[in-house]
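Biologist: Could you put the model up so that we can go through it together?
Modeller: Here it comes.
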Amino acid sequence: MIEIRALTKSVPTSEGTLTILKSVNLEIAESEIVAIVGASGSGKSTLLGLMAGLDAATSGDVLLGGHSLAAMDEEQRAVLRGQIVGFVFQSFQLLPSLTALENVMLPIELKGDSEARAKATALLERVGLGERITHYPNQLSGGEQQRVAIARAFATEAKILFADEPTGNLDTATGAKIIELIFDLNKEFATTLVLVTHDERLAQRCGRIVRLVAGEIVND
Amino acid sequence: MTNSGTYSAHSAIDIPLGDGRKSLGTLLGLATRLLWRDWRSGELRLLFLALVMAVASVSGIALFTDRLEKALLLESANMLAADRVLGSGRALPEEILDEAKGRGLRTARTLSFTSMAFSDAGNMLVSAKAVSAAYPLRGDIIIADAPFVRGTPIQRGPQPGEVWLESRALPALGIDVGDSVYVGEAEFELTKIIIAEPDRSGGGMVDNAGPRLMLHMDDVERTNVVQMGSRVSYRFLFSSEELLQLDEFEAWIDDAYEGEYRLRDVRDESEEVSEALNRAESFLLLGSLFAVLLAGVAIALTAKRYSERHYDYVAILKTFGCTSAQIGFIYLWIQALLAVAAVIVGSLLGWGVHHVILRALQAVISVDLPSASFEPFIVGALTAVICLLSFALPPLLALRETPPLRVLRKDISQQRIGANIPYLFGVGGTIGLVYWYSEDFVLTSVLVIAVASIAILLSGLSFLLLSSSGAIGMRAGSAWKLAMSAARRRRKQNVLQVMVFSVTIMSLLILGLLRSDLIADWQAQLPENTPNHFLMNISQPQVAGIEEFFDEKGVQGNAFYPLISARVLSINGELPDPQDELEADEDNSTVARGSDTGAEEEGAEEPEEGQVRGRLSRRQVTWAEEIPADNRILAGEWWGESAAAGFVSIEEDYAEWLGIELGDSIEFEISAQTITAEVSSFRSVRWDNMQPNFYIIFSPGTIDHLGATFLSTVLMEREQKILLNELVQRFPTIVVIEIDALIEQIQNIIAQVTSAIELISVLVLICGALVLLACVNATLDERFYENAILRTLGGGKRLIMTSLLIEFASIGFLAGLVATLGAEASLYYLQEKLFGQDFHLHYWVWVAGPLLGTLVIAGLGINSTRGVVSISPLNVLRRLN
């Protein structure tokens, strides 16, 4: 489902070029659940961003669902993201001016689906927020906001779900519930799941752990 | 696995990729929903409000000026009883009238002459005026059945066989309505009393020599009064609802008669009215320009904030698969919808605003306003579009470049469009808008130069101040230190903010100061008790008698000026060599220059003399011990009480025209004698004050022996006018020129113009307030965030509020100071170049400007950021995350 070939990312800094990822190779199969772990600054979020087509690599390539990201410009990557990728973020990234329902409806609407409202409502009920669909993000707790974000991630029936520290902003108990939810939905939708985390317990629940140290995979 | 880029190993997972195109309907629907959701959350309100204000102020002011201008022209057309007038001392060619009729103009004719009117009981000198059936073309004659009452308007003159008389002629002739009046060889029946006549203030001596007697044009022949050589004033009157028709007709006359005849309109007729109208137009234009400029700045600020708050929005849209082109389309559509809504709401509001203005003006606008044209709405709509395109589009389009990675890393917000490009767009748009709107190079350049200088000045000044501010109050924990470090941290934003505040305060100061200077100028020109009658041809022995008469009747008399006709013969023994035509030389229309009206006429009797001689026409000169009020010495010295004979004081323009220097010896011809005098001073003269004014004033003892008549002025209220009869009966040789109607008309027009100016100032003030609010709001998020963190770290409410107060107050003070500087500089340019006023520094503003800036900005800032300490820091942080 995802194939990474000699992926390198460097950024210019005031002290010269900083290489964040050093020629990373990785393959992830369909429906696989992979945790990418590593310390802060090890390059895991950068790797996630590149895999998901949110950023362009310095060299190397990512094949996402069979499509070469290196050969695409940002416009084409956007189209790809819209069709096969879903996201869950550490900071939830809900739009504050939209209600929970509208946040979930947004990606469905973007696809031009006229059933957006019904689908979004069903998903919010599925994540246990059926009573709070008209609430705004700032009226919801962190756990609830992340549930909305998860509902939104599954709303487009994406083939691949990228989750960046999904429990990073939550307490342990809430985080555990969120993880359960992600795994449950993942099973239901048969999604390929790529998780970035430094929570070892969360990582242990994934089928596969990829460990990054200073931009290199040291353990797979 | 292959190298083709297709993931063949997992081809079982068939993920075909569509082209990602979304149907127009999807995008439009999405954009509309986004707009609605943003609107509901209040994100768009300030931007929308700024747009609405731009449209409302521009269309409101344009509507108002459009109609007011028409109304003022109509009102002033009443002074002529027509739109255009052709006047001459000789009979006018009939084909002019035929041509006008052929072109569809309305026409009328009048003929004025002085004559004796007789009754069975007495006689008196009257200013007779014969009018054709169509007279008056504009305005009304107010008539009554008895003298000295209010009367009713009518739009025609007397029928053949009838005469109408002004009230004060009745007691003098000892008659009543219905009695017989004789003019020349004809007998008439007095049928109505004239209370007011539209063009009474126009005309020359023949129209102002006595009370009016009006008769029908067809009766003139019967009187046998007007004969070869009679002093008669012929006038053709023209009017049309189509300005273009009048202009074309004017061009035809110029062409057909090679400049021999010139149509006059109200601006030619009265310098005072023309100046008031011109200044009012300039002021209204300036006011609406400031309104546009300020609304534009408000739009720029709110759009920038709007787009900043949408970075995350766009990043998320992009992660969900929106392409840049689709983002661009969505925001374009949002803008288009906003523009349409703002144009509709703004136009309605503009219509309302102009109605409020009109209602407020009802008391002073006495004529029915012509209906508004549609053009102001187009102007308003175009303003909204241009404002949006130049101020709002750039930051919103820059949103397209938001990198999707921002969803993972908030610090990323690099845009491919340089951060300064949007400002360049805005600047370009503003200049274009100002020029398009004003079509006035002076105005545009003043605005551009003022704003640009402020920008440059501020960048330097703020940099210096903010850099050095670190040295101030280094005591740890002090509010000063906090404020100064905050100010330094946001240096770039603060410079921008100070700039916006300065431009706003400057606009308000310029308009406010200009307003009070204009009004003060007008009040000084024609103060409450301006004398409204000229008494001329008074002999030396009559002076004491007239003074006594006024004392006896309780009328406020004024100084008596001796009048004598003089001509410059030589300067330092050489024939004078006048420069180009002296502007004042052409103008003999206002009674204010009554002192040289006679001179012009005398001059006109000798047209066959040499050119220089002709242009050096005779002038009515005087001598005086005291310098007349409203005159100022510009060079040399005025003779004191111990005045020696042999000196002369010359008006500045006249002196310049003839190339006269101080100390020159000038030879005059007065009463067939040659008099030599030394130039001891140059004076400025206020020609528009409707008072006796002189180009040449001699020191006492120089020409006293040559025999002069005297001129004086007197203020007579309407009910006192009957005293004029007694006055002319007791002193039959004197000539009374009545300018009360003219003064009243001018005062009326100026009152209207003043109210208009006041209201425009208020509108601009509202726009200014909006900008200030938008500007404070622009950095609100950041301040909230920083101060929430400060509070989390243990900063007390007091410390935070004091530091905010100091930061805002410093910005306000700086902005006020720079604004004052900019306002005074712009005013200098505007007053000297555009408004024809003398510029003087407004000392109090140098205190008031910075103070105003400090108070307003500190007040607004503290009011907007109060929430920092009243909302819990957790909530603030949460809201902003």
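Biologist: In what order do the four strands of the open sheet in chain A run?
Modeller: The order is β2-β1-β4-β5 in chain A, with antiparallel pairing; strands here are DSSP runs of E with at least two residues, helices are runs of H or I with at least four, both numbered from the N terminus, and two strands pair if DSSP finds at least two bridges between them. Bear in mind that this is a predicted model, in which local features need pLDDT of at least 70 and side-chain atom pairs count only at pLDDT 80 or more, while totals for chains, interfaces and linings use all residues. Residues are numbered from 1 along each chain as its sequence is written, chains are lettered from A and ligands numbered from 1 in the order in which they are written, and side-chain values use heavy atoms, leaving out hydrogens and water.
Biologist: What does helix α1 of chain A lie across?
Modeller: Helix α1 (residues 44–51) lies across β1, β2 and β4 of chain A, at about 120° to β1(A), where axes are lines fitted to C-alpha atoms, for helices over the stretch in contact (heavy atoms within 4.5 Å), and angles run from 0 to 180 degrees between N-to-C directions.
Biologist: Switching to the interface, how many residues does each chain put into the contact?
Modeller: Chain B gives 42 residues and chain A gives 49.
Biologist: Which side chains meet in a salt bridge there?
Modeller: Those of A:Glu109 and B:Arg33, at 2.8 Å, N to O; the rule (a side-chain nitrogen of Lys or Arg within 4 Å of a carboxyl oxygen of Asp or Glu) finds one salt bridge across the interface of chain B and chain A. On the side of chain B that touches chain A, α1 (24–41), α10 (311–319), α11 (324–361) and α28 (873–880) of chain B each supply at least two residues, and α1(B) gives the largest share, eight residues.
Biologist: Back to strands, in which sense does β15 of chain B pair with β17(B)?
Modeller: Strand β15 (residues 647–651) pairs with β17(B) in the parallel sense over five bridges, with B:Ile650 opposite B:Phe682, whereas β16 (residues 665–670) of chain B runs antiparallel to β17(B) and is joined to β17(B) by six bridges.
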